Amino acid sequence: MTHQSPLPRRLHVITWGCQMNVYDSARMTDVLAPLGYATTDTPEEADMVILNTCHIRDRAAEKVFSELGRLRRVKEARAAAGAPTILAVAGCVAQAEGKEILARAPYVDIVLGPQTYHRLPEMVARAARAGGAVIETDFPAEDKFDHLPAPGPASGVSAFLTIQEGCDKFCSFCVVPYTRGAEASRPAAAVLAEARHLVAGGAREIVLLGQNVNAWHGAGPQGGVWTLAALLQELAAIPGLLRLRYTTSHPRDMDAGLIAAHRDIPALMPFLHLPVQSGSDRILAAMNRGHTAAQYRETIAALREARPDLALSSDFIVGHPGESEADFQATMDLIAAVGFAQAFSFKYSPRPGTPAAGVPAQVAEAEKDRRLQALQALLREQQAAFNAACAGRRLGVLITGAGRHPGQIAGRSPYLQPVHLNGPDHLAGQEVAVDILAAHTNSLSGALAFPSTAAIPQATLQQERVCA
Ligand code: SAH
Ligand code: SF4
Ligand code: F3S
């Protein structure tokens, strides 16, 4: 061969963990695009593989090492064929166990923490040049958001936008304050600019993200500090943006202004994920959550007064150290009293370096299993009841794209339920009125209420939106 033209480079990203990791993976892809990297679904084709990791529960590190073992074989097979591969580990395990990763998996080229993604091009250059491993797990003085490029052109109908990072709350069980660092809010102007960019790229729904999203208090464009409620008001005014959501919130930061926003901003969807973790005041105190079960219920009552059809979601942990049967029953009572449209629940998992992990009174594994099963049965029942109550109603559904079967399209209800229906693909990005015909465990199916009209007048939808 006499002439070699440079081949386009391929990037494969594996994402574990929360929505913030999904957002981060997209931004790492954006930051590498100018270097010629386009994404591929196949690691065997990839010149660079990023494993974006999560440290929240279970044997997170072991999962990372077993995936790295698989990627090592891919890297070796490619090397044998003359193709080098850069292997990078990002995310919260990288932050927490960076050195350990390089010690146990020396074939890894780059280890980078969540605050250093903007430096990725430079790390790639260093890794390629030096042939040695690069590790970046500091919390740099500069703000990564000031150095990351705008998101790529195709946003998708529903887009994530990180507005806040980190956490200062130090719940007894949680690694996030250690892996993501101190709480920090992006300035309002930067958030608004990114939101406009996303809408120009086709986004019709924006989901604001933060480990403690409702603790957001960003600098205002004219000085001063904005609240999340003020930011939501301003975002709702962006032409073309139909829906707003935010996640994950802490009950302590659910202030009166934000509660009122659920009444005053129609684009703010009637669904809120508000983790409570436990219904026992004793355990809530041990967890350092900073509120009681009664205070959580008062917040829910105020939210429901502001937005009567608000659907609620939460996170629960069973078997936190010291949790007795009575404490667990208090959690079951809280669930019964509130009624959740959906929820996530976990067995307590000791995380190295967190206060709860060192407490002697750990709950036996079999007991955690039993409690989790009972709790999940109750939550499943509530979810089924909520979904069933939507059957026979007409809901506004934001169509996100093609469905599973030919001729089918899919979207989301205001309450975040996936909805399947027959319809043309060109409805993607529109909010259409859908008659809900059947409820399933995790989704709804229905039919277009006005099949002959492509777009539904907004006025019709506003009236038809209410489900519960
Ligand atoms: N910032 C959010 C939650 C972030 S982590 C909040 O404060 O609510 C997501 C969820 O994982 C938590 O709500 C909690 O339910 C669960 N979780 C976190 N650490 C855990 C641990 N050590 N064991 C089990 N579940 C855990
Ligand atoms: Fe973790 Fe608690 Fe912070 Fe949520 S508020 S991220 S659970 S420490
Ligand atoms: Fe996991 Fe880190 Fe998110 S630990 S849940 S990826 S903040």
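Visitor: How far is a polar side-chain atom of Arg 289 from an oxygen atom of ligand 1?
Guide: Keep in mind that this is a predicted model, where local features need pLDDT of at least 70, side-chain atom pairs count only at pLDDT 80 or more, and totals for chains, interfaces and linings use all residues. Side-chain values use heavy atoms, with hydrogens and water left out. A polar contact is a pair of N or O atoms within 3.5 Å. For Arg 289 and that ligand 1 oxygen, the distance is 3.3 Å.

Visitor: And how much of ligand 1 does the protein cover?
Guide: Areas here come from the Shrake-Rupley method with a 1.4 Å probe. On its own, ligand 1 has 540 Å² of accessible area, and the protein covers 89%.

Visitor: Which elements give two or more residues to the shell around ligand 1?
Guide: Being near means that a residue has a heavy atom within 4 Å of the molecule, and 16 residues surround ligand 1. Elements are DSSP runs, with helices (H or I) of at least four residues and strands (E) of at least two. The ones you want are β13 (311-318) and β14 (342-347).

Visitor: What percentage of the chain's residues count as buried?
Guide: Buried means under 20% relative accessible area, counting protein chains only. Of 468 residues, the share is 53%.

Key. Residues numbered from 1 in each chain as written. Chains lettered and ligands numbered in written order. Polar contact = N/O pair within 3.5 Å; in protein donor to acceptor, adjacent residues only side chain to side chain. Buried < 20%, exposed > 50% of the residue type's maximum accessible area, 1.4 Å probe, protein only.
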